[in-house]
Amino acid sequence: MSAASEKIRISEIFGPTIQGEGMLIGQPTVFVRTGGCDYRCSWCDTLHAVDSEYRHNWLAMEVETIWGQVRHLSGDVPLTVSLSGGNPAIQPLGSLIRRGKRDGYRFAIETQGSVARDWFAELDFLVLSPKPPSSCMETDWDVLADCLRAATGSPAGGPRIGLKFVVFDDADYAFAKDAAARFPDLPVYLQPGNHTPPPPDDDDARIDLDGIMDRMLWLVDKVTDDRWFSATVLPQLHVLLWGNKRGV
Ligand code: SF4
């Protein structure tokens, strides 16, 4: 099968909305959420794009079909397309990125950094989000370094890259500091986590607002007490606005 005819497993395509986190927070975007993930984080808030129990809702789609939906949703006005998941890095997204760029769109991806892809170099933004101890997952730092090498191997310069961490407690914070020390050239975004992910079909998605605000204030104190002035502390804006509702 040629790269152009490879199908991509899609969980949902939605927008335009705004990016709720990381280096593009607040910016208008259309989300292309792929289905499937090589992780099972304890607090995952997108199980409908992770757990095989929901795979009957995922579609294997051609690039042109996906691209038609993105163009329709964005009214043919170029914007940044957010490739999300699940882990979008386990899908063959290179031809979709090249297709969209021909129309003047930009591409951002968020991935935990467990799979490196050559096409990372064709992105505009790469957000690596290693999962801290509270996720019960383990990061392979060599693979994360491979992701960086893949992204920066382009003569065109490659994407803007950042590290993003969801932080629940001291162990998560220490993990983020350790990661930042391993990759000192990368900007770091820290975000308090939400402890109450609802079931994926819950339309009335609620959040632990008091807990989020407490952790946000705690995180600000940690960063300022530590004189970690290169870090950026952000809320997960989409969680504050919509909880864990799908498709916004
Ligand atoms: S890496 Fe992301 S999508 Fe995959 S299980 Fe963890 S939080 Fe969920």
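Let's start in the sheet, where Ile-109 stands opposite Leu-126 of strand S6. The model is a predicted one, in which local features need pLDDT of at least 70, side-chain atom pairs count only at pLDDT 80 or more, and totals for chains, interfaces and linings use all residues. Residues are numbered from 1 along each chain as its sequence is written, and side-chain values use heavy atoms, with hydrogens and water left out.

Strand S6 covers residues 125-128; strands here are DSSP runs of E with at least two residues, helices are runs of H or I with at least four, and both are numbered from the N terminus. Strand S5 (residues 106-111) runs parallel to S6, with four bridges between them. S6 also pairs in the parallel sense with strand S7 (residues 160-167), again over four bridges. Pairing requires that DSSP finds at least two bridges between two strands. On the S7 side, Phe-125 has Arg-160 as its bridge partner.

Which way do the S6 residues point? Phe-125 and Val-127 point one way, Leu-126 and Leu-128 the other, and all are buried. Buried means under 20% relative accessible area, exposed over 50%, and partly exposed in between, using a 1.4 Å probe and protein chains only. In a regular strand, side chains alternate between the two faces of the sheet.

Now move to helix H2 (residues 94-102), which holds Arg-99. Arg-99 counts as buried because its relative accessibility is 11%. Setting aside neighbours within four places in sequence, Arg-99 is in contact with Val-63, Glu-64, Trp-67 and Arg-71, where contact means heavy atoms within 4.5 Å.
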